[in-house]
Amino acid sequence: MSPNKIKFDKKIVLSFWIILIAFIIAAPTLLPVFRLNLLGRYLSLSIVAVGVDLIWGYTGLLSLGQGIFFALGGYCAAMYLQITSSSEFPNNIPEFFALYGVEKLPFFWEPFRSPVFTFFAIWIIPALVAGLIGFLVFRNRIKGVYFSILTQASLLVFFNFFNGQQKLINGTNGLKTDVTQLFGLMVGSEAMQRVFFWITAVLVIAAWFFAKWVVKGRFGNILIGIRDDEPRVRFTGYNPVLFKTIIFSIAGGLAGISGALYTVQSGIVSPQFMTVPFSIEMVIWVAVGGRGTLLGAILGAVFINYAKSLVSEALPASWMFIQGGLFILVVTALPEGVLGWIQGDGPRNLLQRFGLKRKIETYPSLEVNNKEGNNE
Amino acid sequence: MNNKDLLNLIDITVSFEGFLALNKLNLNLKKGELRAVIGPNGAGKTTFLDVITGKVKPTKGDVIFKGKSLVGRKEHKIARLGVGRKFQSPRIFENLTVKENLEISVTTPKSPLNLINKSIKDEQLNEIERLVKIVNLSQKVDSKAGSLSHGQKQWLEIAMLVGQKPDLMLVDEPVAGLTDEETDLTADLLKSLSGENTVVVIDHDMEFIRRLDSNVSVLNQGTVLCEGTMETIQKDKKVIDVYLGRPED
């Protein structure tokens, strides 16, 4: 999106990575457990933000229902943890079933006894659900605001369904994970949380590189083409339905991974993950960080959530106003988001305003490459 | 209809809630032909292109292209069969560079799998190089298409159309907003494309149509009024009445 992407020196990039990796390794010793856990949670949220950036920033699909896929990933992880830790409970099934008089494990829990199945289910199930919803919507050429409304409606359907199924998945109470065991260790324990932090950090970087790879070449250009002029893509011989379904499915898979990591670090998954405001917040992180930048989505998710917890500690109840204000500020003053502004002409324009930098006198393209000017 | 025809439009009727945009339109195109289509506003010129490219489904009638019916096929399938279209106002991808725009058009096969895990073929890169030379955009290859001038955008879109290697090129008002010099160059470019390709040009600009030196079909009220060379149609009384205007007595 930005006309002149900043190119950093290789040495700077290398030292950035070294510092980053050193910080990730050292973070558990540097940060108190509470802060480390928060950082881990916010990092896991940045993975769902990367997905939102792929579908919204690149492809122009504003989904207000990413919470569906986020929660599905969380439930997959939580079901596995509950079931492997249920040996001391009646009937060898998770404790909550006894509250509702359920004696036999519902059939769809069975496969979650397998760690391998769960490992794949966490991202494949949300990806498949997203692919199915996406295909039906895109095939009928529903786009723009109608697409957004439809995704939000689906979110509410899922929310109500999960909220009402006490006998299947403990309904509104959700599934707790912090007191469950994973490979003989308590999930909520400090040692386990440290491991989850590292896994999350690695997966954020992996998700970032994966998304960069997806949008790098011609595939990414088609996504941008769909965003800017879908009929034109169609008349050039591409089937936009296919491309949109694939990218929506990828975003769903990323949301699932994100939800699973968030669940194990926050200790519970519940239908609260599928509330309307939460899915809208995901969009705000990307809008503030910078649409179509990927890195902006990650930074937006982490910093906004960190700000949220700091502000909430200092001034309870004021966060909603600040978040709303932030969104208005970005929409009106920084439509490209913070990173988009930095990569674009933002800083130069700001310096010019304060007279710190010479104004350009002709068209930017002539000013930058004078040699090309005489070619017309 | 005969076997040498690339495209036959047979009794095409398009009705928009009772309004007949096209009314029993018949038109045949030979392979390699260059055909100009003119007509007053509202004559159905753009609907005529919409029917061929699958954007609008005809209420009645059939479109036969290379012996196959196009009616009911999706736009991208029709494009893959070999029908390319240039739009009235230039429609290029402004946030992509000139090169990326052309990559989108020359890439085959146009499947997601091919795009994501293979890099572009050398012959396709050569083709892009050839195209940018033809339309004089060699210096702008890595510029954003949005930064081009209007004329350059028109030409980029024509280059994208050629890059698609369609058997049938549908060109809607290619010289709208171009300078006289650019108009002449565009006419020459389109003439040089015919022969190998079949080209349909829609335009208002009489000078431009004259310069194309091709057969002309005149549309009026959704049907073909008259067909022939520029000289013939200029003498045709019906055409004079509806389009060129009756000379004042």
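Mentor: Let us begin with one pair of residues: Asn8(B) stands opposite Ile64(B) in E4(B). This is a predicted model, in which local features need pLDDT of at least 70, side-chain atom pairs count only at pLDDT 80 or more, and totals for chains, interfaces and linings use all residues. Residues are numbered from 1 along each chain as its sequence is written, while chains are lettered from A and ligands numbered from 1 in the order in which they are written.

Trainee: Why is E5 of chain B, residues 68-69, called a strand?

Mentor: Strands are DSSP runs of E with at least two residues, and helices are runs of H or I with at least four, numbered from the N terminus. E5(B) covers residues 68-69, and therefore qualifies. E5(B) is joined to E4(B) by 2 bridges and runs antiparallel to it; Ile64(B) stands opposite Ser69(B) there.

Trainee: What makes E2 and E5 of chain B edge strands?

Mentor: The open sheet has the order E2-E1-E4-E5 in chain B. E2 (19-30) and E5 each have a single partner strand, so one side of each lacks a neighbour in the sheet.

Key
Two strands pair if DSSP finds at least two bridges between them.
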